[in-house]
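This report covers selected features of the structure shown below.

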Amino acid sequence: MSGKELMYVQEAFDTNWIAPLGPNVDAFEKDIANYLGVSDAVAVSSGTAAIHLALSLLDVKQGDTVFCSTLTFVASANPILYQGAKPIFIDSELSTWNMSPIALKNAFEDAYKIGKLPKAVIVVHLYGQNAKMDEIVSLCNQYDVPIIEDAAESLGSTYKGIVSGTIGKLGVFSFNGNKIITTSGGGMLISNDPELMKKARFLATQAKDPAPHYQHSTLGFNYRMSNILAGIGRAQLEVLEERINARRMIFEKYQQELGLIPGIEFMPELYETTSNRWLTALTINEQETGASVQMIINSLAKENIEARPVWKPLHLQPLFEGATYYTHSHGQSVSEYLFSTGLCLPSGSNMKEEDQTRVIRCLKESLKISV
Ligand SMILES: *Cc1c(COP(=O)(O)O)cnc(C)c1O
């Protein structure tokens, strides 16, 4: 927490706005919309709820297909199953670790041939790094399929001067406890389409028909954000830039100290984009470093340092067994390569310099490199 959250929470208590609506919700939505430069934002109970709403708004239903990045957290794709639709997973490419336009093109060509285009494409911006949006947008426009940007991890990142998450038809952010700013739990759905946003508010508040009695003709959800939690979000947004700077500095220090070790490669930053560096991620070549990702994780754990592998690709998850998957190129699955070699290091915005120095020292020790 930054310190000012309690002021907004107190305001909610003082005015007795203890509900999933109220002045903090309105103000947080306005602040986010202004920050992102979009016309409207709808605050919801989680990033997952925002993705679910986005799919509902695009009328994704039983029997439909949705293309989705494979290298991501499970929440990117779970709402596809909520709707009874089928995910088709798209591989990553090496310059962003995100959706491969080549794999996407192959998936579109096959879908077009059988006359079954996807209802939507969910593009994830992993660990703050933007996907190759120009290429992805051009393909989706060619087939007239809307894009949902899962920007849960990339709040404040930019793509060619545009704020991450605002290029597609709909954008999704998360304020879960682990994200760069948090409301403890929460999310935001954004769009420049006023009709979609109006419908999003309707669906997120139980889809009540405009009648004096309780009448419902559409299936709705209880997905709005609490006015107490929105108060936390208002104060958090005020420190977002500070946090991006802190995380980028953490990344840079890791890169300076470890980047020249043979066999270590840091997650790239695509030309003309900036990542919020939500997490510092890198790959370890076991042949060159003499240590596997798991060996390093275990060795850091002995020093009470928590490091983690990168997300397990969704096409490898038992939950999605049998789902179609398009690799970046024939015989080259980039997401599987990143999964087997990828490592995420402690990257919290409040990490002290001496703590980071200790992580770096322990990591070098685990590689048996003199420090
Ligand atoms: C955190 C996260 C989500 C889900 O957000 P919640 O607010 O936890 O529901 C979705 N996608 C990605 C990539 C995430 O990291």
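Lys 179 is buried in this predicted model, because its relative accessible area of 10% falls under the 20% limit for that class. The residue sits in the loop that links strand E8 (170–174) with strand E9 (187–191). Apart from neighbours within four places in sequence, the contacts of Lys 179 are Ala 152, Glu 153, Ser 174, Arg 247 and Trp 278. Two records apply to this position. An unreviewed UniProt entry gives Lys 179 the annotation "modified residue: N6-(pyridoxal phosphate)lysine". UniProt also lists Lys 179 under "active site", again in an unreviewed entry. Such annotations may be inferred rather than shown by experiment.

Ser 164 lies in the loop between E7 and E8. With a relative accessible area of 1%, Ser 164 is buried. Leaving out neighbours within four places in sequence, Ser 164 touches Leu 36, His 125, Asn 130, Ala 151, Ser 154, Ser 157, Thr 158 and Phe 173.

| Residue | Loop | Relative accessible area |
|---|---|---|
| Lys 179 | between E8 and E9 | 10% |
| Ser 164 | between E7 and E8 | 1% |

Next come the strands. How many of the five residues of E9 are buried? Five of the five are, so E9 is largely enclosed by the rest of the structure. Both faces of the strand are covered. Gly 187, Leu 189 and Ser 191 are buried on one side, and Met 188 and Ile 190 are buried on the other.

E9 has pairing partners in E1 and E8. Strand E1 (residues 40–44) runs antiparallel to E9 and is joined to it by five bridges. Within this pair, Ala 41 is opposite Ile 190 of E9. E8 also runs antiparallel to E9, with four bridges between them. Here Val 172 has Leu 189 of E9 as its bridge partner. In general, the strands of a sheet pair through backbone hydrogen bonds, in either a parallel or an antiparallel way.

A separate group of strands forms an open sheet. Its three strands follow the order E7-E6-E11, and the pairing is antiparallel. Strand E7 (162–163) and strand E11 (273–274) are the edge strands, each pairing on one side only. Strand E6 (residues 158–159) pairs with E7 in the antiparallel sense through two bridges. Tyr 159 has Ile 162 in E7 as its bridge partner.

The axes of helix H3 (residues 47–57) and helix H7 (residues 194–204) come within 10 Å of each other and cross at roughly 120°. The crossing of H3 and H7 is right-handed. On the H3 side, the contact is made by Leu 53, Ser 56 and Leu 57. H7 contributes Leu 196, Lys 199, Ala 200, Leu 203 and Ala 204. By class, the contact of H3 with H7 is made of six nonpolar residues, one polar residue and one charged residue.

Notes: Residues are numbered from 1 along each chain as its sequence is written. This is a predicted model: local features need pLDDT of at least 70, side-chain atom pairs count only at pLDDT 80 or more; totals for chains, interfaces and linings use all residues. Side-chain values use heavy atoms; hydrogens and water are left out. Two strands pair if DSSP finds at least two bridges between them. Buried means under 20% relative accessible area, exposed over 50%, partly exposed in between (1.4 Å probe, protein chains only). Contact means heavy atoms within 4.5 Å. Axes are lines fitted to C-alpha atoms, for helices over the stretch in contact, and angles run from 0 to 180 degrees between N-to-C directions. A crossing is left-handed if the near helix is turned anticlockwise from the far one by less than a right angle, and right-handed if clockwise. Ala, Val, Leu, Ile, Met, Phe, Trp, Tyr, Cys and Pro count as nonpolar, Asp, Glu, Lys and Arg as charged, and the others, Gly among them, as polar.
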